Amino acid sequence: MDALADRAPVVPVVVVDDVAHAVPVARALAAGGVPVVELTLRTPVALDAIRAIAAEVPEVLVGAGTVTTPEQAELALAAGAQFLVSPGATASLLGAMGDTGLPYLAGTATVSEVLAVLESGRTEMKFFPAEASGGTAFLSSVASPVPAARFCPTGGITSRNAAAYLDLPNVACVGGSWLTPKDALAAADWARVTALAAATADLRAAGQD
Ligand code: 3PG
């Protein structure tokens, strides 16, 4: 996860409906200083979108998000994904994501899930859905009993509350879809995506206060 966090304080969670949007959205994010994309496996074109970004935008680290089955982990690897993100942390998913050899973030929302990921040998994990699962209060509460865990919270995070998460010592980065709004992609408004990405530079500064 350090590779992700070092890239940007915000990992953009991207839903692509039209594969033609994949490369321009990745370029737009990179132009705004965010050279990382979590391309969610929620649409039929998602694997092709990962393939296109991996081939045509080498400056961007592209990963697969919404990995919910072992098969998806394998397909994402084959498509060129450089990291994996799952909303959950079942034993079979942890095994399959580990088998790819890629860095990955498994999803946690309870202390038992956090412990399961730690038992699997990983200290980095997603906290999802962050706002609905207790937000910054949850993360502050688990810092003392589970000090090894480091989180990338996602779900309900926006430019308004991201800094509060990044201020926490057990948060390495946050994830969110607000950099790539559906209407901006539909309108091919890449300048807006670049501007939203550029605005996250302030969050890095806020997180380092
Ligand atoms: C995810 O998969 O991480 C979430 O769907 C992103 O949540 P958001 O849309 O609330 O940012």
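Just after helix 5, Gly101 adopts a positive phi of about 80°. Helix 5 itself covers residues 91-99, and Leu93, Leu94, Ala96 and Met97 are buried there (20 or more other C-beta atoms within 10 Å of the residue's own; exposed means 12 or fewer, partly exposed in between, with C-beta atoms placed from the backbone). Helices (H or I, at least four residues) and strands (E, at least two) are DSSP runs, numbered from the N terminus.

Those buried residues pack against helix 4 (70-79), strand 4 (84-85) and strand 5 (104-105); contact means C-beta atoms, placed from the backbone, within 7 Å. A word on the source: this is a predicted model, in which local features need pLDDT of at least 70 and side-chain atom pairs count only at pLDDT 80 or more, while totals for chains, interfaces and linings use all residues. Residues are numbered from 1 along each chain as its sequence is written.

## Helix 2 meets helix 10

The axes of helix 2 (residues 22-31) and helix 10 (residues 190-198) come within 7 Å and cross at roughly 40°, so helix 2 is oblique to helix 10. Helix 2 supplies Pro24, Val25, Ala28, Leu29 and Ala31 to the contact, and helix 10 supplies Trp190, Val193, Thr194 and Ala197. By class, these residues are eight nonpolar, one polar and no charged (Ala, Val, Leu, Ile, Met, Phe, Trp, Tyr, Cys and Pro are nonpolar, Asp, Glu, Lys and Arg charged, the others, Gly among them, polar).

For the geometry, axes are lines fitted to C-alpha atoms, for helices over the stretch in contact, and angles run from 0 to 180 degrees between N-to-C directions. Angles under 35 degrees count as roughly parallel, over 145 as roughly antiparallel, 65 to 115 as roughly perpendicular and the rest as oblique.

Two residues other than glycine have positive phi: Thr66, near 55°, and Ala188, near 50°. Thr66 sits in the loop between strand 3 (61-65) and helix 4, and counts as buried because it has 20 C-beta neighbours inside 10 Å. Ala188 belongs to the loop between helix 9 (182-186) and helix 10; with 15 other C-beta atoms within 10 Å, Ala188 is partly exposed.

Elsewhere, Phe128 and Pro129 are joined by a cis peptide bond with omega about -10°, and Pro129 lies in the loop between strand 7 and helix 7 (135-143).

Notes:
Two residues are in contact if their C-beta atoms, placed from the backbone, lie within 7 Å.
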